[in-house]
Structure formats: structure tokens, C-alpha cells
Amino acid sequence: MSRTSADASHEAIDPAVLEQASLWMARLWSDDISEAQREACLAWRQASPEHERAWQQLQAIDGRLAALPRHAARSELFSSSQVSRRGLLQWGGLAVLLGGLGFGLPRTPQWQRQFADYATGIGESREVTLSDGTHLVLDTDTAIDIRFDAHQRRLHLLRGGVLITTAKTPDARAFSVMTQEGLSYPLGTCFSVQQHSDSTQVAVYEGRVALERRGSNERTTLDAGQHAAMSADGITPPELLEPAGLARFQGRLVAESMRVSEVVEILARYRHGVVRCAPEVADRRVSGVFSLQDTDRALASLADALSLKVVYRTPFWVTVMPRSDGES
């Protein structure tokens, strides 16, 4: 019995063929495309049914991009003079190799930052006041969507962290923050939410916040001065909040007897490239205040405090190491 066209369309496509299709489509989008190149593209499509399926899959991606919400169409991905439609397809076509638009691509950091309602890059922070008066401070590498309607006010934290001070004006619509682990319901408050790879961290500075884990009836309420985490395993018991937690949204890392490896790990979130420490200094402890807005200065301060050295193999590859004998 012959297979239907629908059956054929769901067959797996060789990643190399998808990449070829994306490059052909990018050429057709260029301003200097020749008739010979158009004919060569058509010949490539007709050479194999798999070629044509790959072409149609990328055509579907083009249609989905055209149908994106207005805020997405205005994102830097389209407005930047350095990013062309052809470049977008080459990037998008390669992303198809990771699972296809609608599956792998929307989960990548680049996609989330480009198409979120509000976002920050690595090392950036941003303050936003929403239509209801709620104030947000977005931490480094953060993406968030806003969904306000007649019945609810919901923030969807896609990645990163956000400090939220809810509006003082009464509003009958319920307010919530959604992450992949569950929901947070503030009760007139100032609180932060951090989305990690396998958990959501919530800290309350004023008021109260109710946590509700996704897919269960488990619910916990945090008071001011408490924090907890939600994960697939449940909600951790509330613990006392570290006073220094709020400082990160003010561009400062306050370390109190913190391991060097922990300081380096936090600083790495605020700069591009790789930042690491040598094993022999990882467990040394330091106290102090370090800038998250100038991580080079923070690394220099860390080195001075513990008589270490910072080695830059490139601006994007940095290691904190012990000083050799005689080094100043």
C-alpha cells in the first residue's frame, strides 16, 4: 500500500538536507540573485522528494515568522542593520537541525531574548513599569512575557531573574508569575523570581507570596524575609532570606565568607565568555562587595583581597589563579 503525502511529510529529514535548503532559501532572499541561481535551486528541489520536503518545512517557518506578534516583529532581530532576512533564515534553518521551530528553537536563549516582551542580554539590567503600575527590574540574561487581560495579570518568566514590586493601586485582576515549575501569587509585595535549569527560586522582601507547583495541589506561602524553591520534586521548606540577595538587582554582589568558586560562578553570569577559577583557590573564602556592572573590576578586587591573580587568555577566557612566589 502506498504512503500518503501526509505520511511522507512527517518523515525525518536529514539535517544536512535541511541545512542545504536553508542556504538555498537565503540565496533567493538576496538582492543579487541571478536567474541561473533560481534555476539551480529549482533543480535541487526536484532532485529528491526529501529536498522538496525540507524546502516546504522552511517555507512553513517563514510563514510562522511572518505571523509573529507585533512586539516580536519589532525586536532587534529584525530592526538591526547587521541582521538580514537571509541571515535570519540561515540561523533559523540551522536551528531546525535542533528540533524544528515550535519545539527546539523557542527554548533557545537567543529566541527567548529576541521575541520576549522584555529582555536583557548578558551583563545587562533593565527597569520596566507595567501598565498597572507594577515595577520590574530584570537581571542579566532574562526574558519575560506579559499577559494582561480583563481577568488576570500574568508574567511568564522564560529565563533569568526579575525583581517585582507590585502596584499599590487596587486591581481586581489576580496577579501571578509563571515559570516552568509553577506559579507565584504575590499578596501586595516586593519579591524576586529566578528561573534556573531545574528549579524556580522565590525570595520575598515585603508582603507575602503563595507558591503553587505545576501539576500538583502543593502550595506554600512565604512571608517577608523568606525564600524557597520549586522543582519537580516539590517545594522546599521556607528558609530565612540572605539580606544580600536584593543587592544583585542593584548591580552589587555582597559576599559574606563566600567561596571563590561561588563568586566566580556568579560573576560569569554577568559577562560573555568563560570565567573560572583554579581548583587550588576554589575553596578559599572572601567577604566584600563586588560590582556586577563591571566584572573586570570585580575580578581585580577579588584577586587583591586574597592575593590571587586574574589571567586573561582572551577577553572571553579568564581564570582566577594563585600568585606564584615573588609575584606582586
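This is a predicted model: local features need pLDDT of at least 70, side-chain atom pairs count only at pLDDT 80 or more; totals for chains, interfaces and linings use all residues.

**Entry 1: helix α9.** I began with α9, which runs over residues 260-268. Which of its residues are buried? I noted Val260, Ser261, Val263, Val264, Ile266 and Leu267. A reminder to myself: an α-helix has 3.6 residues a turn, so residues three or four places apart point the same way.

**Entry 2: Ser192.** I found Ser192 in strand β7, residues 182-195. Is Ser192 buried or exposed? Its relative accessible area is 4%, so I wrote it down as buried. The side chain of Ser192 has a polar contact with the side chain of Tyr205, at 3.4 Å. Leaving aside neighbours within four places in sequence, I also see Ser192 in contact with Val162, Leu163, Gln201, Val202, Ala203 and Phe249, as well as with Tyr205.

**Entry 3: two positive phi values.** I then turned to backbone angles in loops. Asp141 has phi near 50°, a positive value in a residue other than glycine. I placed Asp141 in the loop between β3 (135-138) and β4 (142-148). Asp141 counts as buried because its relative accessibility is 17%, and the cut-off is under 20%.

Ser307 has a positive phi too, near 55°, and again the residue is not glycine. Ser307 sits in the loop between α10 and β16 (308-314). With a relative accessible area of 43%, I logged Ser307 as partly exposed.

Notes:
Residues are numbered from 1 along each chain as its sequence is written. Side-chain values use heavy atoms; hydrogens and water are left out. Buried means under 20% relative accessible area, exposed over 50%, partly exposed in between (1.4 Å probe, protein chains only). Helices (H or I, at least four residues) and strands (E, at least two) are DSSP runs, numbered from the N terminus. A polar contact is a pair of N or O atoms within 3.5 Å; within protein, one must be able to donate a hydrogen and the other to accept it, and residues adjacent in sequence count only if both atoms are side-chain atoms. Contact means heavy atoms within 4.5 Å.
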